Amino acid sequence: MKIAISCQGNDLNGDIDPRFGRAKGFLVCDTDADTQEYIDNTQNLNAAQGAGIQSAQNVAATGATAVITGHVGPKAFTALDKGAIKVYLVGGGTVAEALASFKEGKLEAAADADKPGHW
């Protein structure tokens, strides 16, 4: 299974990025192969609009079926949902901590966006 985690660094030791659409990047963790790949998202950091949708498309292109992030807006949530990608929200910490919580079943899939658009 591939999980895309919004991150401020480029490895497991980096902090979770609290924003999905405007995250610095995503660490895509393949739990079956035990590998990680960093996906840069800087093209969306200062986008006037559409950052969440574009980030969702970038995540979908990796083959991820889950996203772990701090917050997600309504357009990004809808795009991820249409791509059959579940969203899990965390309050902070490192990518490694979030991944461990996911593997231990401590995270619950979000039912909807938790932030308004353009925050």
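**Ground rules.** The model is predicted, so I kept in mind that local features need pLDDT of at least 70 and side-chain atom pairs count only at pLDDT 80 or more, while totals for chains, interfaces and linings use all residues. Residues are numbered from 1 along each chain as its sequence is written, and side-chain values use heavy atoms, with hydrogens and water left out.

**Overall layout.** I started with the secondary structure and found 3 helices and 5 strands. Here helices (H or I, at least four residues) and strands (E, at least two) are DSSP runs, numbered from the N terminus. Read from the N terminus, the order is β-β-β-α-β-α-β-α. The radius of gyration is 12 Å, close to the 14 Å that the globule rule gives for 119 residues, so the protein is as compact as a globular protein of that length. That radius is taken over C-alpha atoms, and the rule is 2.2 Å times the number of residues to the power 0.38. I also noted that the C-alpha trace spans about 35 × 25 × 25 Å along its principal axes.

**Cover and contacts.** Next I looked up burial: 43% of the 119 residues count as buried. Buried means under 20% relative accessible area, exposed over 50%, and partly exposed in between (1.4 Å probe, protein chains only). Then I turned to contacts (heavy atoms within 4.5 Å). Of those with a separation of 6 or more, 52% come from residues 24 or more positions apart.

**Strand β1.** I then followed residues 2-7, which form β1, and saw that 5 of the 6 are buried. Which strands pair with β1? I counted two strands as paired if DSSP finds at least two bridges between them. With β2 (residues 25-30) the pairing is antiparallel, over 6 bridges, and Ser-6 stands opposite Phe-26 there. With β4 (residues 66-69) β1 pairs in the parallel sense over 3 bridges, and on this side Ile-5 faces Ile-68 as its opposite residue.

**Asn-58.** My last stop was a residue of helix α1, which covers residues 51-61. Is Asn-58 buried or exposed? Asn-58 is buried, with a relative accessible area of 18%. Leaving aside residues up to four places away in sequence, I found that Asn-58 touches Asn-41, Gln-43 and Asn-44.
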